[in-house]
Amino acid sequence: MTSNEIKQLDSQNVMQTYGRFDVVIDRGVGSTVYSPEGKEYIDFTSGIGVNAIGYGNKKWGDAVYAQAMKLQHISNLYYSEPYAKLADVLTKRTGMKNVFFANAGADANEGMIKLARKYSFDKHGKGKSTIITLNQSFHGRTITTLAATGQDVFHNYFFPFTEGFKHVQANDIDALKKELTDDVCAVLIEFVQGEGGVIPLDPNYVKEVSQLCAANDLLLLADEVQTGVGRTGTLFAFQQYDVTPDVISFAKGIAGGLPLGGFMANEKCSTVLIAGTHATTFGGNPVAAAGAVEVLNQLDDATLNEVIKKSEYIREKIHGWNTPYIAEIRGKGLMLGISVKDVVPREIAQACVENGLLVLTAGTDALRMLPPLTISYEELDKGLAILKAVFDNI
Ligand SMILES: *Cc1c(COP(=O)(O)O)cnc(C)c1O
């Protein structure tokens with residue numbers, strides 16, 4: 001089908017819930033994708049941080065195909081190998097104790113929230129169930145994860161939202177201390193706030209949050225749905241902050257493009273969710289899990305170090321540009337935000353798309369780059385040249 005035919009079919013039959021760019025993507029190789037007519041786009045998005053090892057990855061494709069033909073799904077009422085192997089790799093590489101598999105980020109966070117509330121209920125009984133999250137956070141689109149999300153724009157239309165969330169200013173430890181009332185059971189953070197604008201938390205703040213949690217028997221919950229799976233240059237972002245969360249959620253990049261999410265618990269939280277307390281039909285799907293095992297295989301130390309090097313390479317290049325429209329570059333690894341001034345991020349992203357570069361926006365002021373972690377320097381150079389030309393032509 002042509003791009004126009006696909007767009008027409010979509011507008012006639014699909015709920016128009018996305019502010020889409022006017023582009024149809026048909027296929028990809030490496031970190032480059034193509035429209036049905038063959039127009040080339042350098043991909044600085046990976047979906048939204050999903051295609052961690054790029055497009056057309058042969059070993060990943062082989063692993064997925066082999067598992068699809070062997071056993072594509074079996075109920076979680078039975079044991080099977082792929083997710084057990086995946087859980088083993090995840091616990092070994094993070095030091096966490098065990099894993100629950102979900103399907104995506106929001107339901108992973110839902111499960112993590114359930115775990116925190118049950119941990120507190122088991123220990124203290126009813127009434128200690130409030131979770132503190134940060135302003136500008138993003139935790140998902142279900143009724144509960146919208147309530148957890150610390151941005152007012154998400155608290156519309158769908159009333160009533162789930163009770164039991166309070167939001168405080170990020171990187172302000174006194175603001176958090178003020179809200180630590182007896183009803184609080186956990187604090188939920190993103191190490192780098194993604195949708196909120198690519199805003200990294202200050203390491204000292206994170207350390208203090210962790211100490212406050214430990215001192216008050218509150219759980220420290222980390223939403224690593226976007227920061228996890230190598231995105232920031234370590235397998236999970238907490239490994240760059242001198243803390244260990246009690247529970248960590250993940251999704252986006254884990255299966256290299258297939259839907260999969262989950263959360264990992266430390267020893268203390270590893271037996272909170274028992275048979276009958278949490279479940280999901282597709283969680284830990286064998287095909288997605290087989291893809292995830294291959295993703296983690298490829299995200300070895302050398303590849304993760306390259307993520308940091310590419311991050312520095314991008315920063316240096318952009319710092320060398322002589323444009324008045326860039327205020328700062330922030331983020332970690334290949335999760336970078338370019339905060340712009342006197343221009344609208346979405347309009348820059350639109351101009352990039354027209355010139356052959358896919359790039360995201362975040363918060364109110366930033367362009368967001370989440371390229372495949374395996375992107376080549378040649379593709380980086382091509383993409384950055386397009387971005388520079390767009391700024392030069394404002
Ligand atoms: C994307 C995202 C989510 C939601 O994940 P879905 O897979 O879209 O449900 C939650 N938290 C963070 C930090 C995210 O970036």
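**Pocket, strands and ligand**

Mentor: Strand β4 gives the most to the lining of the second largest pocket, with four residues. Keep in mind that this is a predicted model.

Trainee: Which other elements supply at least two residues of that lining?

Mentor: Besides β4 (98-102), α4 (81-94) and β12 each supply at least two.

Trainee: And what volume does the second largest pocket have?

Mentor: About 770 Å³. It is lined by 29 residues, and the closest to its centre are Asn76, Val99, Phe100, Phe101 and His278.

Trainee: How do the lining residues divide into nonpolar, polar and charged?

Mentor: There are 18 nonpolar and 11 polar residues in the lining of that pocket, and no charged ones.

Trainee: Switching to the strands. What does β11 pair with?

Mentor: Strand β11 has β10 (residues 219-223) as a parallel partner, joined by three bridges. With β12 (residues 261-265) β11 runs antiparallel, and four bridges join the two.

Trainee: Are the faces of β11 covered or open?

Mentor: Both are covered. Val247 and Ser249 lie on one side of the strand, which spans residues 247-250, with Ile248 and Phe250 on the other, and all four are buried.

Trainee: How far is Ala222 from Asn57?

Mentor: Their C-alpha atoms are separated by 29 Å, and the two residues are 165 apart along the chain.

Trainee: Now the ligand. Which residues are around it?

Mentor: Among them are Ala104, Gly105, Ala106, Asn109, Phe138, His139 and Gly140. The list also includes Glu190, Asp223, Val225, Gln226 and Lys252.

Trainee: Asp223 again. What does its side chain do there?

Mentor: An N or O atom in the Asp223 side chain is 2.8 Å from a nitrogen atom of the ligand.

Trainee: And which atoms of Ala106 and Gln226 lie by the ligand's oxygen atoms?

Mentor: For Ala106 it is a backbone N or O atom, 2.8 Å from an oxygen atom of the ligand. For Gln226 it is a polar side-chain atom, 2.7 Å from a ligand oxygen atom.

Key:
Residues are numbered from 1 along each chain as its sequence is written. This is a predicted model: local features need pLDDT of at least 70, side-chain atom pairs count only at pLDDT 80 or more; totals for chains, interfaces and linings use all residues. Side-chain values use heavy atoms; hydrogens and water are left out. Buried means under 20% relative accessible area, exposed over 50%, partly exposed in between (1.4 Å probe, protein chains only). Two strands pair if DSSP finds at least two bridges between them. On a 1 Å grid over the protein atoms alone, a cavity is a set of points where a 1.4 Å probe fits but cannot get out, and a pocket is an open set with protein on both sides within 12 Å along at least five of seven lines; lining residues have an atom within 4 Å of a point. Grid points are joined across faces, edges and corners, and a volume is the space filled by probe spheres set on the points. Ala, Val, Leu, Ile, Met, Phe, Trp, Tyr, Cys and Pro count as nonpolar, Asp, Glu, Lys and Arg as charged, and the others, Gly among them, as polar. A residue is near a molecule or strand if one of its heavy atoms lies within 4 Å of it. A polar contact is a pair of N or O atoms within 3.5 Å; within protein, one must be able to donate a hydrogen and the other to accept it, and residues adjacent in sequence count only if both atoms are side-chain atoms.
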